[in-house]
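I opened the notebook to record a walk through this protein.

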Amino acid sequence: MAGLARFRKGAISAALATTAVATVAWAGSQVSSSDAVVPRSEAAAAVVQRMEAADWKAPHRSVQEASLRGCTAANPLDILVIGGGATGCGVALDAVTRGLRVGLVERDDFAAGTSSRSTKLVHGGVRYLEKAFWKLDYGQLKLVFHALEERAQILQNAPHLCKPLPTMTPCYEWWELPYYWVGLKAYDLVAGRRMLHLSRYFSKQESMEAFPTLALQNSHNKTLKGTVVYYDGQMNDSRLNVAIACTAALAGAAMMNHAEAVSLKKDPKSGKIIGARIRNNLTNKEFDVYANVVVNAAGPFCDEVRGLADGKASHIISPSSGVHIVLPDYYSPDNMGLIVPKTKDGRVVFMLPWLGRTVAGTTDSAATLTMSPEPHEEEIQFILDAISDYLTVKVRRSDVMSAWSGIRPLATDPNVKDTDTASISRDHVVCVDPDGLVTVTGGKWTTYRSMAEDAVNAAIKSGSLRPGQDCLTHQLPLMGAYGWDPASFTVLSQTYLRMKRSYGGKIVPGAMDSAAAKHLVDSYGGLAARVAHIAQAEGLGKRLAHGYPYLEAEVAYCARHEYCESVVDFISRRARLAFLDTNAATRALPRVIEILAAEHGWDRHKKKMELEAAKAFLETFKAAKNAQFDDGKHSKMHA
Ligand SMILES: Cc1cc2nc3c(=O)[nH]c(=O)nc-3n(C[C@H](O)[C@H](O)[C@H](O)COP(=O)(O)OP(=O)(O)OC[C@H]3O[C@@H](n4cnc5c(N)ncnc54)[C@H](O)[C@@H]3O)c2cc1C
């Protein structure tokens, strides 16, 4: 842990830490043990203090379950949240840091739904701005403005997981240059002091230097005139989701994944919802949890949950699916994205560098609801066609290393009478039903925090709750942000050994290489040293899959500290192997199972079941079977 102490504190963390108080009123508190109300600055400081504690451990899953079981009719929670995506975890974090007693159940894993399947952009939405100007739509402009505010806060509160990313808009017609230049300058202007970096024009030559694979001539034989480069944020979505969940747990919320709300409980006299029946999906055992308010944050499934409350509830979700594909790194430079501003059918497609590979997408098609959406071949082909117009690389289906589909929870406000499709909003919806169920949905990842704030405000009103303070998530660092700085990986490289290498039969410890150190810091922020320590002290320093920086130690760490309960939890949402390369993920399975089995005490039967479940899960990611390449960055010697 020595390395952790040496990390410089991030600016926000330091600011909050200065307000720290000697006594942390929440220390050790779980929802059932205390309903202490902590003054505003103390609440933030308590979270920061806990982040600072080198030996902090997330309460074990069994402790979380016991806390939830302890929430009886006589001792209810203030808020029970259903759904552990970005929105639900955001609600739990917001409510618990206001001093409320909070529990959350997620039927699969944190981020198992849409929140791990996004384009990974933390953005205001340049295309919404375009609409705002052309349609003189003040509402759209407000949405962009608001999302840009939230963009800045995410980058500030989780700087290890979200970074600014330049994106290039190629122009093959002369008129496009001033058009996009003015539009993107307007984007800077709307961002105001929240701007990441100024957008700017790149000449043809500069563009080719920055993006060597960009086509000089497109398929219509038009020559590249230049490009306009602008900035948005890019995140590791499921890790950010897990960080929000763990921060909420750190603050005292009872967060339980693999726990499903199977029915809702109503007070027979008032007809108000007073809790839910929960099934632990790992043991199949059921129990009741009582709460003053239930918040439905089930994303695309929120109609299902509203249906549990009222079989006749109107539907508010119009599910639409979006597909992404992952291609080798040579499709795009390391630090420059590309936006195809208008595909043949007028959509926008992005091609972005992400975790050492290239992500391209997305599509927009009406979908049926399922927890395992699968990309269709024509959707994959649509993306390949859209980017091939702009690249010199021969775009091949056989290069698709992974492909996934996610379902957008596009929502209509049930309180708005106009029900035509135009009323389906990209904005979020918070509605309170007569039985007291609060539903929060729609919006986008970028605005999860303010969606949560609105939902908690509605819950407080609906349940006449008495929080100790106002919302304070604007400036609350998320787990991993504390103690992080951009150069943290250098400390890691110099402090830790990663594994033992063999030199002529002699086994000697090897230094942690920079690729692994960078990866750990980008994934775990200020907590990276904990993972490095496990790698070194427990001999878990080997890579899990050739070509990727994921270490064995991460499996153990995530099982101990991040509620990683299954092989799929690990390969898809703690590490992103399933999303990056399904072949590599398949190769990693035996070792991941072995380490998780040791952590969770699995027997042979459970290991077999986990292997089958993981293989079935990976089948839903439609990679080309033979998609393999070597980026040369992670040599076999280390594997
Ligand atoms: C293709 C695509 C690309 C996108 N790209 C971006 C982007 O780049 N930037 C951006 O800002 N936004 C983006 N979005 C939008 C963003 O991803 C979503 O708005 C956001 O993830 C929704 O989060 P959520 O928590 O509301 O839903 P979800 O993440 O789906 O979470 C809902 C959770 O509820 C759980 N649940 C359901 N029923 C129950 C029950 N009965 N009991 C317990 N749990 C239950 C589910 O298992 C699920 O995990 C994109 C969306 C899509 C589809």
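**Entry 1: Ala-614.** I am working from a predicted model. I started by picking Ala-614 and listing what it touches. Leaving out residues up to four places away in sequence, Ala-614 touches Val-567, Val-568 and Leu-589. I then looked up where Ala-614 sits, and it belongs to helix α21. Is Ala-614 buried or exposed? Its relative accessibility is 0%, so I count Ala-614 as buried.

**Entry 2: α18 against α21.** For helix α18 (residues 567–574) and helix α21 (residues 604–619), the axes come within 8 Å and cross at roughly 35°. Which residues make the contact? From α18 I listed Val-567, Val-568, Ile-571, Ser-572 and Arg-573. From α21 I listed Glu-610, Ala-613, Ala-614, Phe-617 and Leu-618. I sorted the residues of this contact by type: seven are nonpolar, one is polar and two are charged.

**Entry 3: around α18.** How many residues of α18 are buried? I found eight of the eight buried, so α18 is largely enclosed by the rest of the structure. The buried residues include Asp-569, Phe-570 and Arg-574. I looked up what covers them. The cover includes α10 (237–250), α17 (552–561), α19 (577–580), α20 (582–600) and α21. At the start of α18, I found a side-chain oxygen of Ser-566 within 3.4 Å of the backbone nitrogen of Val-568.

Entry 4: I moved back to Tyr-563, which lies in the loop between α17 and α18. Tyr-563 is not a glycine, yet its phi is positive, near 55°. For context, most residues other than glycine have a negative phi. Tyr-563 has 4% relative accessibility, so I count it as buried.

Entry 5: Asn-221 has a positive phi of about 60° and is not a glycine. I placed Asn-221 in the loop between α9 (204–210) and β6 (226–235). Is Asn-221 buried or exposed? Its relative accessible area is 59%, so I list Asn-221 as exposed. Next I checked a peptide bond. The bond from Gly-361 to Thr-362 is cis, with omega near 25°. Thr-362 falls in the loop between β14 (357–361) and β15 (365–366).

**Entry 6: α15.** I read helix α15 (residues 514–524) from start to end. At its start, a side-chain oxygen of Asp-513 comes within 3.2 Å of the backbone nitrogen of Ala-515. I noted the buried residues of α15, including His-519, Leu-520, Val-521 and Tyr-524. Just after α15, Gly-525 takes a positive phi of about 55°.

**Entry 7: α7.** I tested the length of helix α7 (residues 138–157). Its 20 residues, at 1.5 Å each, should span 28 Å. The end C-alpha atoms are 29 Å apart, which agrees. I then looked up the buried residues of α7. Among them are Val-144, Leu-148, Glu-150, Arg-151 and Ile-154.

**Entry 8: the cores.** I note that nonpolar side chains tend to be buried together in soluble globular proteins. How many residues does the largest nonpolar core have? I read off 116, and Leu-240, Met-255 and Leu-492 have the most contacts inside it. I followed Met-255. Beyond four places in sequence, its contacts include Gln-64, Cys-89, Leu-104, Phe-110 and Ala-248. Apart from this core lies another of 29 residues, with Phe-211, Tyr-331, Val-349 and Ile-387 among them.

**Entry 9: Asp-399.** Tyr-331 gave me one more lead. Its side chain makes a polar contact with the side chain of Asp-399, at 2.7 Å. Asp-399 lies in the loop between α12 (377–388) and β16 (402–411). I count Asp-399 as buried because its relative accessibility is 7%.

**Entry 10: whole protein.** The protein has 21 helices and 20 strands. Of its 639 residues, 59% are buried. Among contacts with a separation of 6 or more, 75% join residues 24 or more positions apart.

Notes: Residues are numbered from 1 along each chain as its sequence is written. This is a predicted model: local features need pLDDT of at least 70, side-chain atom pairs count only at pLDDT 80 or more; totals for chains, interfaces and linings use all residues. Side-chain values use heavy atoms; hydrogens and water are left out. A nonpolar core is a set of buried Ala, Val, Leu, Ile, Met, Phe, Trp, Tyr and Cys residues joined through side-chain atoms within 4.5 Å. Buried means under 20% relative accessible area, exposed over 50%, partly exposed in between (1.4 Å probe, protein chains only). Contact means heavy atoms within 4.5 Å. Helices (H or I, at least four residues) and strands (E, at least two) are DSSP runs, numbered from the N terminus. The expected span of a helix is 1.5 Å times one less than its number of residues. Axes are lines fitted to C-alpha atoms, for helices over the stretch in contact, and angles run from 0 to 180 degrees between N-to-C directions. Ala, Val, Leu, Ile, Met, Phe, Trp, Tyr, Cys and Pro count as nonpolar, Asp, Glu, Lys and Arg as charged, and the others, Gly among them, as polar. A polar contact is a pair of N or O atoms within 3.5 Å; within protein, one must be able to donate a hydrogen and the other to accept it, and residues adjacent in sequence count only if both atoms are side-chain atoms.
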